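This report walks through one protein chain, from single residues to the whole fold. Look over the sequence and the model before reading on.

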Amino acid sequence: MKDVISLVRPNIASLEPYSTARDEYKGEIGVLMDANENPFAGKGINRYPSTSAKDALRSKISRMKRIPCGNIFLGNGSDEAIDLCYRIFCRPGMDNAVAISPSYGMYGVCAEVNDVAYRPVLLRDDFSLPVDEIIAACDNNTKLVFICSPNNPTANAFPLESILKIVEAVEAVVVVDEAYVDFSPKGSLLPVLSQHRNLVILQTLSKAYGLAGLRVGLAFACEDVIKIFRQVKYPYNIGTDTIELALRCLEASDAPSEIKTLVAERKRLEGILREEPCVLEVYPSDANFLLVKVTDPSGLYRSLIGAGVIVRDRSRVPLCGGCLRITIGTYEENQKLIEVIRAYGRES
Ligand SMILES: *Cc1c(COP(=O)(O)O)cnc(C)c1O
């Protein structure tokens, strides 16, 4: 494989990044007259976010994940990192991205926004990873390959060896989206990150960590790729309050304590749903949601909506005919869902 840096768009490779005077000044902070801020600190957030606060959050994540700070990018959600991958590697109107299908919708939306051809490769009928088909879908203009594991909406995680086979075979950046990895017994690719310069791993504080409102996403990659992420992102992509709140939440508890509860609830719900006559199949899940095939997805969806329970209708997504995607809630919320499904079963 050519070095990953040769995949970077020429205009990005030669970019003179925006730099702030405060980044250049290394001494003790004195009088700040460089950024046209309001000097009155009444609201406590009159200054642009400081580099040191972000560094502290990055160090915390570095210790939690056992990955050096130089390999970590903090984004405004993983969605920012997905968009940056396109902007860094794909020449609009020329390059393409390969992705598994069905999968997370943002890969395709960002491709469209960036005028990059999108090549979905259907999973096998059992939702397993079609390794050879994915490799075959790549050509000289393929710059990105998206693999989401555990995959949204199919809920299964792929074997790490199968993903690595793709990482090793393609002349492209492989973006492995691990948004749900904390729920998965199959584990993360983070331990082998240092062995693969064309691997980008995405994680997020939005799911297991319970901080979706904050908008903090994580990208892990080799130092050279992370440097480019930092050059291309907007200068102050994460706000001061967000950084401080994220740090405080992560310091309060490293391993999110709710994971065990959610996995137990998922197993309980799985067992109950399998017994319902309107449920045809509950697919195995390595995530915090279930993909459930039912007899009449729009009918059940409407009943649930009528009772104030909102799930995701995935029945028009490839390979997901008849399927609803249900996020695991609290015990009480799951009971409410079960109640509505049982009532629906009695009426139909
Ligand atoms: C929810 C989700 C994310 C999270 O995105 P954020 O922008 O970090 O909130 C990323 N990838 C997948 C597949 C998801 O389902």
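## C249

C249 is partly exposed: its relative accessible area is 27%. That value lies between the limits of 20% for buried and 50% for exposed, so the residue falls in the middle class. The model is a predicted one.

C249 sits in helix 9, which covers residues 240–252. Its distance to L211 is 8.6 Å, C-alpha to C-alpha. In sequence, C249 and L211 are 38 residues apart.

## Q231

Q231 belongs to helix 8, residues 223–232. Is Q231 buried, exposed or partly exposed? Its relative accessibility is 33%, so Q231 counts as partly exposed.

Which residues does Q231 touch, leaving out those up to four places away in sequence? They are L15 and P17. I338 is another matter: Q231 and I338 are 49 Å apart in space, C-alpha to C-alpha. The two are separated by 107 residues in sequence.

## Nonpolar cores

The largest nonpolar core holds 57 residues. Within this core, L129, V145, I147, I166 and F220 touch the most other members. In soluble globular proteins, nonpolar side chains tend to be buried together.

Take I147 as an example. Beyond its neighbours within four places in sequence, I147 contacts I100, L129, F158, I163, I166, V174, V175, V176 and D177.

## The whole chain

The protein chain has 12 helices and 11 strands. Its C-alpha trace spans about 70 × 55 × 35 Å along the principal axes. The radius of gyration is 22 Å. A compact globule of 348 residues would have one near 20 Å, so the chain agrees with that expectation.

Of the 348 residues, 51% count as buried. Consider the contacts with a separation of 6 or more: residues 24 or more positions apart account for 69% of these.

The accessible surface of the protein chain comes to about 16700 Å². Carbon and sulfur atoms make up 52% of that area.

Notes:
Residues are numbered from 1 along each chain as its sequence is written. This is a predicted model: local features need pLDDT of at least 70, side-chain atom pairs count only at pLDDT 80 or more; totals for chains, interfaces and linings use all residues. Side-chain values use heavy atoms; hydrogens and water are left out. Helices (H or I, at least four residues) and strands (E, at least two) are DSSP runs, numbered from the N terminus. Buried means under 20% relative accessible area, exposed over 50%, partly exposed in between (1.4 Å probe, protein chains only). The radius of gyration is taken over C-alpha atoms; the globule rule is 2.2 Å times the number of residues to the power 0.38. Contact means heavy atoms within 4.5 Å. Accessible areas come from the Shrake-Rupley method with a 1.4 Å probe; for residues, only the protein chains shown count as cover. A nonpolar core is a set of buried Ala, Val, Leu, Ile, Met, Phe, Trp, Tyr and Cys residues joined through side-chain atoms within 4.5 Å.
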